[in-house]
Amino acid sequence: MAQKRRLKSKRVGFRRDATFSKCPSCTQFNTLRRSKTRSFMEGAIKNLTWFKVYRCTNCGWRGYKSTFILTIDGVKLIATYLIIALLTGFAVKYVIQRFVK
Ligand SMILES: [Zn+2]
């Protein structure tokens, strides 16, 4: 059976739970737990962004970790879409200015 080495994802990004990633402080794996938000700002960040508050059960570190990872392909894809959107916008504007008086 041929091994599929080309596992390059074409997705924009993926979400993962930082629970299984390593602690930035003590670099231990599987020690991070979701922490309850303590302030309005933390709640707002949690709800508006992909960052969640985590707490390390090993060293007590507490901070934000992103649960969304943007892939390089994703960045390229977004850039391409933006360029297309801009070009379409200019084209539409041109057509409107030219034909609609
Ligand atoms: Zn830690």
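Biologist: Among contacts in the protein chain between residues at least 6 apart in sequence, what percentage join residues at least 24 apart?

Modeller: The value is 54%, where a contact means that two C-beta atoms, placed from the backbone, lie within 7 Å. This is a predicted model: local features need pLDDT of at least 70, side-chain atom pairs count only at pLDDT 80 or more, and totals for chains, interfaces and linings use all residues. Residues are numbered from 1 along each chain as its sequence is written.

Biologist: How many helices and strands are there in the protein chain?

Modeller: The chain has two helices and five strands, in the pattern β-β-α-β-β-β-α along the sequence. Helices (H or I, at least four residues) and strands (E, at least two) are DSSP runs, numbered from the N terminus.

Biologist: What makes strand E2 (32-34) and strand E4 (62-66) edge strands?

Modeller: The open sheet has three strands in the order E2-E3-E4, with antiparallel pairing. E2 and E4 each pair on one side only, so they are its edges. Pairing requires that DSSP finds at least two bridges between two strands. Strand E3 (residues 51-56) and E4 are joined by five bridges, so they meet that cut-off.

Biologist: Which strands does helix H1 (residues 40-48) lie across?

Modeller: H1 lies across E3 and E4, at about 120° to E3. Axes are lines fitted to C-alpha atoms, for helices over the stretch in contact, and angles run from 0 to 180 degrees between N-to-C directions.

Biologist: How do you know that the end-to-end distance of helix H2 (residues 72-99) agrees with its length?

Modeller: The expected span is 1.5 Å times one less than the number of residues. For the 28 residues of H2 that should be 40 Å, and the end C-alpha atoms are 40 Å apart, so the two agree.

Biologist: Why is H2 said to lie largely in the open?

Modeller: A residue is buried if 20 or more other C-beta atoms, placed from the backbone, lie within 10 Å of its own, exposed if 12 or fewer, and partly exposed in between. The number of H2 residues that are buried is zero, so the helix lies largely in the open.

Biologist: Why are Thr27 and Asn30 called exposed?

Modeller: Thr27 has 10 C-beta neighbours inside 10 Å, so it counts as exposed. Asn30 has 12 other C-beta atoms within 10 Å and is therefore exposed.

Biologist: What is the phi of Thr27 and of Asn30?

Modeller: Thr27 has a positive phi of about 55°, and Asn30 has a positive phi of about 60°. Most residues other than glycine have a negative phi.
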